Amino acid sequence: MNELNRRRFLGTAAAAAGAVAAAPLLSACSSGAAPSTGTNSAAGLKDALPAYVPSTAVKPDIPSVAGGPDMLTDPGFLTYPADPVATVSGKPGKGGSYTAVTPLWGTVPTADNSFYQAMNAALGLTLTMKPADGNNYNTIVPTMTAARKLPDWIQLPSWWNANFNVGELAGTQLADLTPYLAGDKIKKYPNLAAIPSAAWRVGAWGDKLYGIPCFSSGFTVAGGLFHRRDILESKGITADQVKSADDLMSLGKELTDAKRGVWAFGDVWTYLFPSWGLPFKWTVEGGKLVNKYEMPAFLDALDWHYKLATSGYMHPDALAGDNANGTTRFYAGKELIQGGGMGAWVLADHQSGVAANPNYRRGAFNVITADGKGTPRSFLGASSSMISYLNANLKPAQIEELLSVANYLAAPYGTAEYTMANFGVEGTHYTRQNGVPTFTDEGKKNVQATTFPFLAAPRSVISNPGADVVTKDYTAWQAANIKALTKPVFWSMNISMPQWAATADAAQAVEDTVKDCYHGKKKVSDVRAAIASWKSNGGDRLTQWMTDNVLNKYGTGQ
């Protein structure tokens with residue numbers, strides 16, 4: 001399988017790491033005070049963030065649609081450019097020698113393989129790639145930082161910021177890139193300048209720029225409510241008919257046929273509860289910071305989901321907490337509506353679905369409000385979750401050399417540089433099949449999407465060669481929902497928390513009870529009791545800490 005849209009990997013990796021796209025970034029610290037490299041302010045970021053200069057190197061088949069500030073749908077490509085244009089003149093490197101570490105969820109290729117050699121020749125330097133086991137990456141990196149032995153270039157996925165203490169590493173072990181990239185300085189690196197400014201926020205700490213974003217997007221959401229479009233439409237049901245929670249419940253009754261082994265729903269809570277006007281974590285009401293647990297609508301949402309769990313409309317395996325096989329049930333038509341990350345809407349899904357049923361077609365409901373009134377909202381997540389950093393011990397000339405390499409790696413989708421970094425050398429690592437770069441055996445073995453593209457990559461695109469219906473459906477869904485996007489409180493502010501606050505913020509006991517409630521095992525009253533316990537055992541203190549140290553000092557980040 002040839003996967004052109006590299007961001008789709010993140011849907012799996014982030015889910016595996018327990019990441020929620022729209023959640024604030026945390027860096028747990030040992031003391032009660034946030035370090036100076038912590039929270040970003042709007043005024044400080046204004047001076048630190050790079051200018052944004054869109055690239056015109058490659059024209060998409062389906063252009064982006066703009067929403068509010070920092071909100072933009074991903075462009076769609078129905079074909080891969082036949083003659084990739086070059087965006088970099090000559091070799092970006094100057095003969096230096098460096099090491100790079102990235103996480104790899106897969107088989108580590110042999111060192112100094114043909115692809116690494118070809119990339120180093122194209123880059124004009126020696127970049128020794130050292131992929132590390134992604135499943136243990138959150139323990140591997142802290143060992144490096146404790147010994148102060150970071151490589152020259154390293155990828156630090158933002159969902160592990162707390163494990164890595166990135167807020168403390170910034171400025172001590174990680175290089176400050178502000179002097180090289182702030183404002184118009186980034187224009188020296190046109191491909192990096194084509195990455196929207198919002199993505200750079202994720203690698204900014206204490207109003208200084210440290211990280212280089214990969215796979216950025218102006219349409220990052222936690223996920224959506226998917227449905228078997230082919231089955232629903234065969235019954236005369238279209239997604240736009242669903243405008244409220246009551247509509248969904250009615251649909252559950254209509255679609256469920258337990259005798260035939262068909263249930264309407266799998267798990268939907270994580271992706272549906274915002275429809276009750278709920279934030280992922282915080283909101284501000286009358287100038288006061290309020291946690292979602294304290295909002296009456298939170299219990300209203302749980303009440304609906306408890307009723308769903310006890311209605312008979314949810315698949316028994318989903319009620320039992322078996323999400324691992326949810327996709328299989330979806331393909332088999334045993335579960336017709338389920339929540340999930342947007343990384344599910346890809347070519348591989350289409351291929352697997354069609355293998356199970358030739359009519360298979362994934363769809364997603366538009367964002368709704370629970371009562372069917374007012375304006376639907378979907379919270380914008382961080383514009384990138386994969387961020388690479390340079391070692392603070394590098395000299396200015398070395399930083400500039402690696403930024404030139406990053407500029408090469410950030411060349412837009414379909415360019416000569418992108419093709420090289422993602423597919424290798426034509427004839428050796430890939431051939432063209434129906435115009436699409438397709439890996440040879442050598443390419444399958446050595447060209448990994450999580451090596452060079454994890455150091456720098458262009459903004460994401462939607463491309464599913466051989467399944468245009470997926471690209472058309474997904475881009476259309478983004479366009480239909482772009483106006484629903486809104487920035488959550490503390491959006492991309494990189495908040496550094498003391499450990500006790502990070503524990504209270506996770507609210508594990510509450511979340512466990514919530515899960516039991518939407519699976520019908522506990523009642524809403526049990527959640528109410530868990531919230532009361534959370535409030536007295538750190539929750540109220542957390543709200544006060546966030547008010548004093550973030551809201552009052554830096555605002556909402558919106």
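Mentor: Start with strands E3 and E5, which run parallel and are joined by four bridges. Keep in mind that this is a predicted model.

Trainee: Okay. Which residue stands opposite Met 129 in E5?

Mentor: That is Ala 100. Ala 100 also stands opposite Trp 153 in E7.

Trainee: And how many bridges join E3 to E7?

Mentor: Two, and E3 and E7 run parallel.

Trainee: What's the strand order in the open sheet of five strands?

Mentor: The order is E5-E3-E7-E18-E10, and the pairing is mixed. Strand E5 (126–129) and strand E10 (211–214) are the edge strands, each pairing on one side only. On average, neighbouring strands are turned by 25° against each other, direction ignored.

Trainee: In which sense do E7 and E18 pair?

Mentor: Antiparallel, over three bridges. Strand E7 covers residues 153–155, and strand E18 covers residues 386–390. Look at Gln 155: its bridge partner in E18 is Ser 388.

Trainee: What does helix H4 touch on the sheet?

Mentor: Helix H4 (residues 137–146) touches strand E3 (97–101) and E7. The direction of H4 makes about 150° with that of E7.

Trainee: How do E11 and E15 run, parallel or antiparallel?

Mentor: Antiparallel. Four bridges join strand E11 (residues 224–228) to strand E15 (residues 335–340). For one example, find Phe 226: its bridge partner in E15 is Gln 338.

Trainee: Now the helices. At what angle do H13 and H22 pack?

Mentor: About 40°, with the axes 7 Å apart. Helix H13 is residues 296–309, and helix H22 is residues 508–518. That angle makes H13 oblique to H22.

Trainee: Which residues meet there?

Mentor: From H13, they are Phe 298, Leu 302, His 305, Tyr 306 and Ala 309. From H22, they are Val 514, Cys 517 and Tyr 518. By class, the contact of H13 with H22 has seven nonpolar residues, one polar and no charged.

Trainee: What about H22 and H23, what's their angle?

Mentor: H22 and helix H23 (residues 524–554) pack at about 175°, and their axes are 9 Å apart.

Trainee: How many cavities of 30 Å³ or more does the structure hold?

Mentor: Four. The largest cavity has a volume of about 230 Å³. There are 19 residues lining the largest cavity, and the closest to its centre are Gly 223, Gly 224, Tyr 271, Val 367 and Ser 378.

Trainee: Which element gives the most to that lining?

Mentor: H12, with three residues. E11, helix H12 (269–272) and strand E17 (378–379) each supply at least two residues of the lining. By class, the lining of the largest cavity has 12 nonpolar, six polar and one charged residues.

Trainee: And the second largest pocket, what's its volume?

Mentor: About 360 Å³. The second largest pocket is lined by 19 residues, and those closest to its centre are Ser 55, Val 58, Pro 60, Pro 75 and Arg 459.

Trainee: How does its lining split by class?

Mentor: The lining of the second largest pocket has 15 nonpolar, three polar and one charged residues.

Note on methods
Residues numbered from 1 in each chain as written. Predicted model: local features only at pLDDT ≥ 70, side-chain atom pairs only at ≥ 80, totals over all residues. Heavy atoms only, no water. Axes fitted to C-alpha atoms, helices over the stretch in contact; angles between N-to-C directions. Parallel < 35°, antiparallel > 145°, perpendicular 65-115°, else oblique. Contact = heavy atoms within 4.5 Å. Nonpolar A, V, L, I, M, F, W, Y, C, P; charged D, E, K, R; others polar. 1 Å grid on protein atoms, 1.4 Å probe; cavity = no way out; pocket = protein on both sides within 12 Å on 5 of 7 lines; lining within 4 Å. Points joined across faces, edges and corners; volume = space filled by probe spheres on them. Pairing = 2+ DSSP bridges.
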